[in-house]
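Me: Got a model open here and want to talk through some ring contacts and strands. Can you walk me through it?

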Amino acid sequence: MPVLHRSLFAALVFLPGLAQSQTTARIDVFVTDSQSQAIVGARLEISDGNRILKSGESDELGHIEFANLRPGAYRITAKKAGFETVQRDEIQAAAGLIRIDIGMTPTLTRTDSVEVRGTVMEVEESTSVPNKLPPKTARELPSRPTSVADALPLTPGVVREPGGGLILSSSPEHRAALIVNSADVTDPATGQFGLTVPIDSVEVLHVYQTAYLAEYGRFTAGLVSVETKRGGGKWKWEINDPLPEFRIRSYHLRGLKTATPRLNLEGPLITDKLFFSQGVEYAVRKVAVYTLPFPFNQKETAGWNSFSQFDWIASSRHLVTATLHVAPQRLEGLGMDFYNPRPTAPDATTENFTGTVFDRLTLGRGLLENRLSVTRFDTSVWGRGTDDMIISPTGNRGSYFGEQSRTASRYGGASRYSFAPLSWNGSHQFKLGGYLAGSAHTGAIHERPVEIVDLRGRRLSRIAYPFRRDFEISDIEKSFFGQDHWILNPRFALDLGLRTEAQQISGAFRVAPRAGFAWTPFDATRTVFRGGFGLFYDRVPLNVYAFNRYPNQFVTTYGSTGSATSSFLFVNTLGQSRVRVPFVSQLPVDGNFSPRSGIWSFQIEQPVTAKLRLRATYLRNEGEGLVILKRVEPDPQNNTGAFLLEGVGASRYRQFDLVAQLRLRDDRQMFFSYTNSRARGDLNDFGRFLGTVPTAIIRENQYGTLGSDLPHRFLAWGVLRLPRKFQIAPVMEIRSGFPYVETDAAQRYAGIPNRNRFPGFVSLDARVSKDLKVNAKYSVR
């Protein structure tokens with residue numbers, strides 16, 4: 001078998017090159033942006049100086065091939081809307097293969113009559129390659145995602161947990177970051193994404209599990225980067241999903257199931273100067289919990305999601321972009337399941353607001369980018385009644401115990417400068433930048449008693465919260481980075497960077513060195529080897545520092561006769577780290593947390609044919625200093641214990657994935673991925689107890705298999721054309737079941753947590769559609 005494996009690998013890597021004629025030239029072109037990410041759909045033309053010989057568009061990897069050329073000198077021109085036109089002259093092509101890397105920068109104009117010269121550079125393969133999700137393709141799939149968060153589970157390493165939250169690299173949302181047009185839009189209080197930008201407003205959607213570029217920070221599990229659409233030179237509009245979907249039960253209509261009408265509008269407000277784009281949706285979704293009786297099993301979400309963008313061309317070297325995202329939402333039946341029927345599931349309202357101003361100015365051959373942003377999250381959560389919540393082994397009763405009303409806001413500014421390429425022992429592309437933000441978190445929490453009963457209904461314990469508590473927290477955070485994309489030669493490139501981060505409230509100063517490489521050793525096969533290592537730090541959400549202002553717990557236990565046997569007070573407390581950590585300087589104050597991860601990866605990417613590309617990646621993420629909640633048993637002398645937040649948690653995550661992209665034509669492509677992973681760590685992550693819907697039961701912390709662990713996951717999706725202009729968009733997912741915990745009547749762990757799993761999950765769906773021409777201008781799908 002080892003001999004067979006070596007033979008297959010040799011065939012995969014070397015055979016494509018043997019087919020190349022030695023009497024003709026072949027030019028491989030890779031087109032990337034200023035962040036070394038592939039540009040899809042760039043128009044490239046190759047000419048001999050007198051006439052255009054060939055042309056085409058770059059694929060999902062920014063690649064295009066010009067084959068069967070005579071040896072000689074050529075000119076290549078790259079064009080794409082929103083980017084500078086790049087022209088490369090005097091390209092000498094000898095017999096065999098030559099590789100050309102072209103970097104394109106965002107244009108500062110919208111018409112061909114204005115010429116703008118920005119930074120144009122040769123860029124080698126990036127060391128940080130994201131999973132790319134084409135928004136246009138995602139909108140055609142059966143799930144009909146309407147926002148960025150809806151589409152994310154289509155990428156390897158991202159899955160939605162049974163409770164509805166997103167999991168990235170087997171970690172909760174607060175360990176990831178979401179940036180829209182480079183602006184941080186996560187909730188300052190919880191670190192969660194909230195209601196994300198409408199998918200119709202998205203131009204580029206990238207998901208990084210390994211981002212070795214130092215300009216990226218404030219995460220340890222993953223980064224979601226979104227670039228939004230700009231308005232065009234002509235007015236146009238479209239309406240998507242205007243018709244609702246109804247629920248049918250036993251051949252009878254039983255009300256609305258989903259309705260997601262979306263309107264998109266774009267065009268020039270001032271010709272060649274001011275451009276506008278708008279995406280707005282109103283979404284109503286009713287999700288059935290099939291283990292509960294109809295009609296009392298409907299989890300309902302309703303709300304608006306609006307994103308507006310203005311682009312002002314101040315001059316041929318100056319572009320100003322302003323965006324506004326507003327998303328009010330109402331949620332009913334949060335966390336509803338078999339054990340938490342409708343009366344015990346809370347309702348909530350959320351209002352997300354984000355405004356940004358982004359300024360780009362070309363200075364010489366460099367680019368200066370400045371950004372101001374403001375983000376605000378308003379959240380209210382309440383139960384459906386005032387009864388005490390009763391937790392039993394057969395299902396909970398009463399009303400949800402918690403009520404909270406909170407507001408979190410962040411005001412931030414960032415600046416970065418991309419220098420012109422510098423030639424010294426190769427080519428260097430330096431970038432420097434800084435970030436400063438102030439955030440605040442205010443609110444109030446009121447919690448009602450919770451009783452725990454056994455199978456016979458006998459009371460085992462009672463949790464009371466003596467007082468309503470108000471809180472007010474503020475913080476200032478700063479970061480600075482410097483990075484160098486160093487092309488040593490056309491086959492080998494390095495990304496070297498250093499990042500510093502500081503949170504005033506934590507008293508910690510953190511340093512994050514990072515390095516990555518990309519190596520293309522074989523001209524004929526275009527095999528790319530990538531790898532890297534970096535330190536990454538989480539931003540600690542503000543609800544961690546509000547925890548000692550949350551209501552304390554007064555716990556009373558009862559005997560078999562129903563009489564009280566003991567009473568204890570558990571005080572909410574912040575711990576203090578006294579362990580010295582490399583690359584971290586921290587003051588001796590409560591809450592001096594620095595959750596961090598050391599991440600390394602190795603990747604091989606191989607084009608098999610012009611239509612098929614394979615990629616294999618191995619990733620390890622070693623988390624330390626994670627914030628967890630520990631239960632400190634009461635002191636018998638004063639009957640007082642503590643719930644202690646400490647930065648001593650750990651996690652271990654490893655992932656191997658295989659990704660294949662089959663691109664038949666621009667409108668026909670399929671994506672396949674298989675992911676094998678394992679996740680272990682401390683179970684009492686703070687997010688379970690301090691989130692929007694916290695749990696009342698705080699068990700002893702244990703280290704073991706995480707509840708988000710999925711050993712196996714296969715995912716396939718895409719869009720294909722059928723005869724008679726029909727289109728089919730299939731989606732298949734096959735994965736392991738999630739682990740679950742077993743508890744006794746007193747809600748303590750019974751055995752090893754997450755030892756058992758739910759059955760495996762299999763889903764196959766497809767959407768078939770056809771465009772019908774109404775007239776020369778309009779179509780209906």
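Me: OK, strands to start. Which residue in strand 23 stands opposite V320?
Reply: D359 stands opposite V320. Before we go on, this is a predicted model, where local features need pLDDT of at least 70 and side-chain atom pairs count only at pLDDT 80 or more, while totals for chains, interfaces and linings use all residues. Residues are numbered from 1 along each chain as its sequence is written, and side-chain values use heavy atoms, with hydrogens and water left out.

Me: How many bridges join strand 22 to strand 23?
Reply: There are 15, and strand 22 and strand 23 (residues 347–363) run antiparallel. Strands here are DSSP runs of E with at least two residues, numbered from the N terminus, and two of them pair if DSSP finds at least two bridges between them.

Me: And what joins strand 21 to strand 22?
Reply: A hairpin does, through two residues. Strand 21 (residues 298–315) and strand 22 (residues 318–332) run antiparallel, joined by 13 bridges. In that pairing, D311 stands opposite T321 of strand 22.

Me: Switching to rings. How many aromatic pairs does the structure hold?
Reply: It holds 18. Rings of Phe, Tyr and Trp (its six-membered ring) pair if their centres lie within 6.5 Å; planes under 30 degrees apart are stacked, over 60 edge-to-face, and the rest tilted.

Me: Why is the pair of W519 and F529 tilted?
Reply: Because their planes are at 35°, with the ring centres 5.7 Å apart. W519 is in strand 33 (residues 508–519) and F529 in strand 34 (residues 528–537), 10 residues apart, so the pair links distant parts of the chain.

Me: Is F529 buried or exposed?
Reply: F529 counts as buried, at 13% relative accessibility. W519 counts as partly exposed at 39%. The cut-offs: buried is under 20% relative accessible area, exposed over 50%, partly exposed in between (1.4 Å probe, protein chains only).

Me: What about Y740 and F758, how far apart are the ring centres?
Reply: They are 4.9 Å apart, and with the planes at 45° that pair is tilted. Y740 lies in strand 45 (residues 739–740) and F758 in the loop between strand 46 (756–757) and strand 47 (761–770), so the pair ties together parts 18 residues apart in sequence. Y740 counts as partly exposed at 27%, and F758 counts as partly exposed at 46%.

Me: Which residues do ring pairs link into a cluster?
Reply: Y400, F401 and Y465.

Me: Last one: where does the charged end of R249 sit?
Reply: Over the ring of F294, 4.4 Å from its centre. That label needs NZ of Lys or CZ of Arg within 6 Å of the ring centre and within 35 degrees of the ring normal. R459 also lies over a ring face, that of Y558, at 4.2 Å from the ring centre.

Technical notes
Helices (H or I, at least four residues) and strands (E, at least two) are DSSP runs, numbered from the N terminus.
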